[in-house]
Amino acid sequence: MTLNRKQAPGFKTIDKIDIQKAESFTLKNGVKVYTINSGSQELTKVEFIFKAGMYYQTQPLLASATNNLLETGTKSYTANELSDNIDFFGSFFECNVSQDFSSLALYSLNKYLDKSLHYVEEIIKYPTFPKDEFDIYLSNKKQKHLVNSQKVNVIARRRFSELLFGEKHPYGVDVKTGDFDKLTLDRIKEFYKSYYHSGNCTIVASGKLPENLVDTFDQFFGKEKWGGADAIVIPKIELDTTTQQKHFVEKPDAIQSAVRIGRVLFNKKDPDYFKFQVLNTILGGYFGSRLMANIREDKGYTYGIGSGLASLVHGGYFFISTEVGTDVTNDTLKEIYKEIKLVREEEVDADELETVRNYVLGQFLRSVDGPYSLADKFKAVWEFDLGYDYFEKYFDAVKTITPKEIKDLANKYLQEKDLIELVVGKKQ
């Protein structure tokens, strides 16, 4: 067959997406393991996930400090020895913490997986939290915090979360400089004991998995229960959203203003979540969005502006975010509200909706390419106690949403009186 290079290939819509589903098994001690066996390279990614994110902390910095200090020393190895030995086998190890979960991830060649997991076992089961490493970590984080606290975008991000959820809510807490001095090793060790144990651990493995994976996991993490507890207590924390609509934080030396507009909304368990994502994409969810077309392309006020719907286990929120010159801040706000008003008052035309549909479905297709991406898709539903039918519902919602439904959603959730506005910058 000879290709005609002068003729563009035909456009084809995406009618169905088949996602490889995770398989599961349980270790002898009850730890649940989920696997995505895919890919052509002899590589495996292993993630150890704990419900130990910021939602569970009793003071600022506690969750992130505990997570990051795990690899600073164990009963058998120093931080340097752990790093050097993992690196020796060509493996890579990282720690992460989010609002709801903390995780430890190992990337390893299959032939060295058992050797690398030996050091991960040490990190998870036997950390010692050395005092000198704690002091260095705290000093570095405090200095970084002081530097970042001068940036308008960082101030806006912190303050906006506080306005949405309340200053005492884990999702909204704004770390203060004094919080670094209140953090102690005893509190870190207590948090570790409460949340890093076999009763609160889930393992997700992805890649071209070795045949002896079950035995390997049982050897290191499944022989017996480990850690200081068998279960965790999930706190119930009330929101304390601000009742004031407009907020301004003055930064006299600022060249730009950071703008945040949004509100507390729902997470992906809400039936409106799927179709609201289409509305969000039209408004500010991709490079061809209305906010980008107006405020970047037409007005030239910013390099970038976007909107999003953040889904958290115990809540969610909608936001619009940008940084603009202080001299055009007020004009930017007017244009943002103008675009929001348009999606409330006018139905999206068929061509724009079709473009957004294809974009959203295309992005979804890209997001399931490869074993690690498939694992991320699994976690996206597992974290919310959802099943794979979530993706079928999402796909169906994107394919079938009408202009009227988009307009109705905008009127339901994007009334100007319900939106919180925050500007950080120089007073005009």
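Where is phenylalanine 129 found? The answer opens the first of these close-up views. The model is predicted: local features need pLDDT of at least 70, side-chain atom pairs count only at pLDDT 80 or more, and totals for chains, interfaces and linings use all residues. Residues are numbered from 1 along each chain as its sequence is written, and side-chain values use heavy atoms, with hydrogens and water left out.

**View 1. Two loop residues with positive phi.**
Phenylalanine 129 is found in the loop between α3 (113-125) and α4 (131-148). Helices (H or I, at least four residues) and strands (E, at least two) are DSSP runs, numbered from the N terminus. Phenylalanine 129 is not a glycine, yet has a positive phi of about 50°. Most residues other than glycine have a negative phi. At 5% relative accessibility, phenylalanine 129 counts as buried. Buried means under 20% relative accessible area, exposed over 50%, and partly exposed in between (1.4 Å probe, protein chains only). Aspartate 385 also has a positive phi, near 60°. Aspartate 385 lies in the loop between α13 and α14 (389-400). With a relative accessible area of 70%, aspartate 385 is exposed.

The structure holds 34 aromatic pairs. Rings of Phe, Tyr and Trp (its six-membered ring) pair if their centres lie within 6.5 Å; planes under 30 degrees apart count as stacked, over 60 as edge-to-face and the rest as tilted. Phenylalanine 220 and phenylalanine 221 have ring centres 6.3 Å apart and planes at 50°, so the pair is tilted. Phenylalanine 220 is buried at 7% relative accessibility. Phenylalanine 221 is buried at 1%. Elsewhere, ring pairs link Tyr34, Tyr273, Phe274, Phe364, Phe378, Tyr388, Tyr390, Phe391 and Tyr394 into a cluster.

**View 2. Lysines over tyrosine rings.**
A charge sits over a ring if NZ of Lys or CZ of Arg is within 6 Å of the ring centre and within 35 degrees of the ring normal. Lysine 75 places its charged end over the ring of tyrosine 126, 4.0 Å from the centre.

**View 3. The nonpolar cores.**
A nonpolar core is a set of buried Ala, Val, Leu, Ile, Met, Phe, Trp, Tyr and Cys residues joined through side-chain atoms within 4.5 Å. The largest has 67 residues. Those with the most contacts inside it are Phe48, Phe50, Leu117, Ile203, Phe217 and Phe221. Helix α5 (residues 152-165) gives the most to this core, with 7 residues. Another core lies apart from it, with 63 residues, among them Tyr34, Phe101, Leu279 and Val348. Contact means heavy atoms within 4.5 Å. Leaving aside neighbours within four places in sequence, the contacts of phenylalanine 50 include Phe101, Leu104, Ile124, Tyr195, Tyr196 and Trp226.

**View 4. Serine 108 in strand β5.**
Serine 108 lies in strand β5 (residues 102-109). Serine 108 is buried, with a relative accessible area of 2%. Its side chain makes a polar contact of 3.4 Å with that of serine 91. A polar contact is a pair of N or O atoms within 3.5 Å; within protein, one must be able to donate a hydrogen and the other to accept it, and residues adjacent in sequence count only if both atoms are side-chain atoms. Beyond neighbours within four places in sequence, serine 108 is in contact with Glu42, Leu43, Thr44, Ser91, Leu113 and Ser116.

Helix α11 (residues 329-345) has 17 residues. From first C-alpha to last, α11 reaches 25 Å, close to the 24 Å expected at 1.5 Å a residue. The expected span is 1.5 Å times one less than the number of residues. Buried residues of α11 include Leu333, Ile336, Glu339, Ile340 and Val343. Arginine 290 is in helix α10 (residues 290-298) and counts as buried at 17% relative accessibility. Leaving aside neighbours within four places in sequence, arginine 290 is in contact with residues including Glu339, Leu342, Val343 and Val348.
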